[in-house]
Amino acid sequence: MYRSMMLINGEQVEGASFDIIHNPANQEPVAEVVIGEAIDAVRALEAAQRAFPEWSSASQKRRCELLHDAAEIVRERADHIAELLTMEMGKPIRDSRREVLSAADTLDYFAEEGMRNIGDWISTGDTRSIVTKQPVGVVSLITPWNYPVELLAWKVGPALASGCTAVAKPSSLAPVAATEFVMAVNEAGLPPGVLNIVHGSGDTVGAELVTNPISRKISFTGETSTGRWIMEAAARHLKRVSLELGGHAPMIVFDDADIDAAASACVRRAFGNMGQVCISVNRVYVADAIAEDFTERVLRRTLKLRIGDPLDPEVDLGPMVSERQRRKTREHIEDAVRKGARILCGGREPEGSLFARGYYFMPTVLTDVDHTMRMMREETFGPVAPIMRFSGEEEAVRLANDTEYGLAAYIYTDSLRRAVRIAERIEAGSVGVNLGSVIDHHAPFGGWKQSGIGRELSHRGLDEYMEIKHIRLGL
Ligand code: NAD
């Protein structure tokens with residue numbers, strides 16, 4: 001069985017106990033993970049603090065080269081890391097591989113963006129102002145289980161490129177691939193202590209990373225309720241926080257849309273990673289005139305999805321990460337059906353011996369839904385696509401914005417004017433127009449409302465790891 005250690009000050013270390021990670025596809029043991037306590041978080045923070053002077057004063061070029069080397073090592077190990085990722089959280093192997101390669105691309109991107117850390121020089125009379133950006137210091141990087149490698153890369157890339165040193169804590173549900181990623185990055189030749197990783201529960205290890213005064217910033221991705229606690233705890237030290245939290249993305253399909261493209265994006269975005277994605281399509285609003293046609297196409301495509309062993313490269317959908325996640329999906333479906341929703345497909349576990357021991361669930365399409373139903377208001381984080389009709393633009397916008405979340409939204413229309421008009425009225429950090437994806441390294445990603453604070457990716461994501469300093473010169 002694979003053994004996953006913590007990395008503190010460049011050394012692999014044991015913890016106070018260990019945990020066994022089980023494969024959600026068959027409940028077989030996958031890895032033994034050492035589990036730390038708050039003291040391990042303290043040790044890691046201290047190591048990062050010791051490493052900070054050298055790393056923060058290293059040239060941009062050196063940091064850039066190390067990040068490119070790290071990206072290359074991650075690419076070389078992509079198959080190995082992807083396999084661990086699939087076995088610990090159930091993501092189909094094709095998607096796991098894509099995730100790891102994308103994490104390597106993120107390191108490359110920030111290696112280059114770090115080179116463009118440019119300030120200002122301002123001349124006024126007999127004074128000159130130099131405006132520079134300096135790394136915040138030691139940062140705590142806390143990540144969830146659904147994209148354990150990619151979302152960690154979104155933090156490690158800008159943290160290291162800006163000159164910060166870091167302590168990462170992955171989710172206890174899926175810490176193995178994330179740890180392999182951190183080991184690979186370290187092997188590029190990082191000085192000890194620049195990037196550490198500790199394992200353990202959020203309440204102990206996570207809380208220490210949040211409250212310990214050594215860390216100057218917390219970059220967190222996870223549930224809104226956890227983010228709220230972190231913000232309150234960080235306030236005691238007025239620490240900087242970046243919070244990437246829950247989402248409840250609407251997709252609006254207008255009557256002039258390319259119906260087939262919209263249906264295809266809907267199926268991919270609602271069911272990919274079993275709906276366990278913060279930017280999954282959670283609510284589909286379709287214009288009355290095309291509702292039947294669109295629903296029919298969504299249904300046809302959904303029925304073609306292949307569910308099975310996530311290590312099989314032909315499989316589209318694997319199991320969910322845990323029984324807890326599957327139960328919540330079931331509860332949301334039962335609640336919707338009780339209130340009048342109609343299940344067009346799915347709504348239950350698949351049958352057959354292959355599925356007997358895994359947390360499998362069939363992708364579920366529902367109609368006759370409304371906003372009294374839990375799945376239309378709360379994050380299901382499961383493979384459901386509830387489809388609701390609308391009759392005009394005003395209604396579509398009102399329904400889309402009727403949520404406490406504001407992470408992503410999708411619009412399908414053939415009219416440029418309408419696309420811009422609606423995109424500007426949607427309360428979300430990212431809006432995909434005729435696209436089922438809103439992720440691009442060059443563009444900022446983050447939430448409005450209860451979906452978070454701050455931005456990741458792009459030069460704005462890098463700025464989140466830097467303080468601005470004004471040096472005023474008298475001549
Ligand atoms: P979670 O909030 O339960 O856990 C996330 C991380 O926080 C884990 O590492 C956990 O151990 C840690 N943690 C828990 N309590 C803590 C505490 N008191 N102090 C410090 N750390 C603590 O989230 P999850 O279930 O792992 O992930 C799913 C959630 O993440 C969903 O709500 C999803 O929408 C969200 N998410 C958001 C984005 C985004 O970019 N906005 C991306 C992916 C996932």
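## Contact between the two domains

In this predicted model, 26 residues of domain 1 are in contact with 30 residues of domain 2. Domain 1 covers 2–245 + 451–474. Domain 2 covers 249–440. Taken over C-alpha atoms, the centres of the two domains are 31 Å apart.

Together, domain 1 and domain 2 bury about 2300 Å². Carbon and sulfur atoms carry 56% of that area. On the domain 1 side, Arg-94, Trp-145 and Ser-451 supply 22% of the area buried against domain 2.

## Polar links and helices at the interface

Two salt bridges are counted between domain 1 and domain 2. Twelve residue pairs are in polar contact across this interface, both residues at pLDDT 80 or more. Two helices, α3 (78–89) and α4 (93–115), each supply at least two residues of the domain 1 side that touches domain 2. Helix α3 gives the most to that side, with four residues.

## The seven-stranded sheet

Seven strands form an open sheet with mixed pairing. Their order is β15-β16-β17-β14-β13-β19-β20. Strands β15 (342–345) and β20 (430–433) are the edges, and each pairs on one side only. Neighbouring strands are turned by 25° against each other on average, direction ignored.

Within the sheet, β13 (residues 249–253) and β14 (residues 281–287) run parallel. Five bridges join them. Val-253 stands opposite Val-286 in β14.

Terms used. Residues numbered from 1 in each chain as written. Predicted model: local features only at pLDDT ≥ 70, side-chain atom pairs only at ≥ 80, totals over all residues. Heavy atoms only, no water. Pairing = 2+ DSSP bridges. Axes fitted to C-alpha atoms, helices over the stretch in contact; angles between N-to-C directions. Domains from an automatic or database assignment. Contact = heavy atoms within 4.5 Å. Buried area = accessible area lost by both parts, 1.4 Å probe. Salt bridge = Lys/Arg side-chain N within 4 Å of Asp/Glu carboxyl O. Polar contact = N/O pair within 3.5 Å; in protein donor to acceptor, adjacent residues only side chain to side chain.
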